[in-house]
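Biologist: Please take a close look at one part of this protein for me: the surface. Walk me through what is found there and how the overall fold presents it.

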Amino acid sequence: MNETEKLDIIIREVGGLRTEMQDMKSEMQDMKSDIRELKADVRDLQTDVKELQTDVKELQTDVKELQTDVKGLKTDVKELQTGMQTLQSEVDIMQMDIDKLQTSMKRVELHLENVTDKNIRIVAEGHLDLYNKLSEAARVSNNEEMLGIRVNILEEDVRLIKEAIAFMPA
């Protein structure tokens with residue numbers, strides 16, 4: 001192997017290395033391009049992540065507000081339940097009072113029906129007897145008055161007759 005041949009081999013090898021280097025440069029540029037795209041994608045992702053973080057913070061704030069509202073609602077519901085229990089107790093008491101009143105009213109009705117009505121009937125019968133006796137007494141009294149008037153008329157007639165006889169010539 002002479003030097004020309006060696007040089008040819010070296011040149012060929014260098015040519016092959018150049019080709020490989022150019023291929024590597026091309027690949028490197030593709031990689032750089034891919035890296036730029038990746039960097040752009042990473043920036044987009046970072047922007048999206050920041051937006052997501054902002055959204056998450058807003059959601060956390062909203063959740064805290066909702067939790068506060070739910071606590072308030074729970075308190076309101078407990079107050080309503082307490083109020084309903086109190087109201088139910090009062091309704092139960094009122095129902096017992098109504099039951100007592102109904103029982104008392106039934107007793108009064110029975111008393112009226114059994115005792116008072118009976119007593120009124122007895123008093124009415126007594127008044128009817130008294131009225132009948134009064135009517136009879138009034139009729140007798142009227143007869144007595146009429147007889148008294150007749151007697152007065154007859155006495156007047158007798159007196160007039162006596163006077164007439166006394167003035168008559170004997």
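Modeller: The accessible surface of the protein comes to about 16,100 Å². Carbon and sulfur atoms hold 60% of that area. Keep in mind that this is a predicted model.

Start with the fold. The protein has one helix and zero strands. Its radius of gyration is 68 Å, well over the 15 Å that the globule rule gives for 170 residues, so the protein is more spread out than a compact globule. The C-alpha atoms fill a box of roughly 230 × 35 × 20 Å along the principal axes.

Now the charges. The protein carries 24 positive and 37 negative side chains. The centres of these two sets lie 4 Å apart.

Next, the patches. One is a patch of positive charge on the surface, where Lys-32, Arg-36, Lys-39 and Arg-43 gather. Lys-32 sits in helix H1, which covers residues 3–166. Its relative accessible area is 48%. Exposed would need over 50% and buried under 20%, so Lys-32 counts as partly exposed.

Another patch is nonpolar. Met-28, Met-31 and Ile-35 form this one on the surface. Together they have about 300 Å² of accessible area. Met-31 also belongs to helix H1. With a relative accessible area of 48%, Met-31 is partly exposed.

Technical notes. Residues are numbered from 1 along each chain as its sequence is written. This is a predicted model: local features need pLDDT of at least 70, side-chain atom pairs count only at pLDDT 80 or more; totals for chains, interfaces and linings use all residues. Side-chain values use heavy atoms; hydrogens and water are left out. Patches are made of residues with over 30% relative accessible area and no salt bridge: like charges are joined within 9 Å, nonpolar side chains (Val, Leu, Ile, Met, Phe, Trp, Tyr) within 5 Å. Accessible areas come from the Shrake-Rupley method with a 1.4 Å probe; for residues, only the protein chains shown count as cover. A salt bridge is a side-chain nitrogen of Lys or Arg within 4 Å of a carboxyl oxygen of Asp or Glu. Lys and Arg count as positive and Asp and Glu as negative; His and the chain ends are not counted. The place of a charge is taken as NZ of Lys, CZ of Arg, CG of Asp or CD of Glu. Helices (H or I, at least four residues) and strands (E, at least two) are DSSP runs, numbered from the N terminus. Buried means under 20% relative accessible area, exposed over 50%, partly exposed in between (1.4 Å probe, protein chains only). The radius of gyration is taken over C-alpha atoms; the globule rule is 2.2 Å times the number of residues to the power 0.38.
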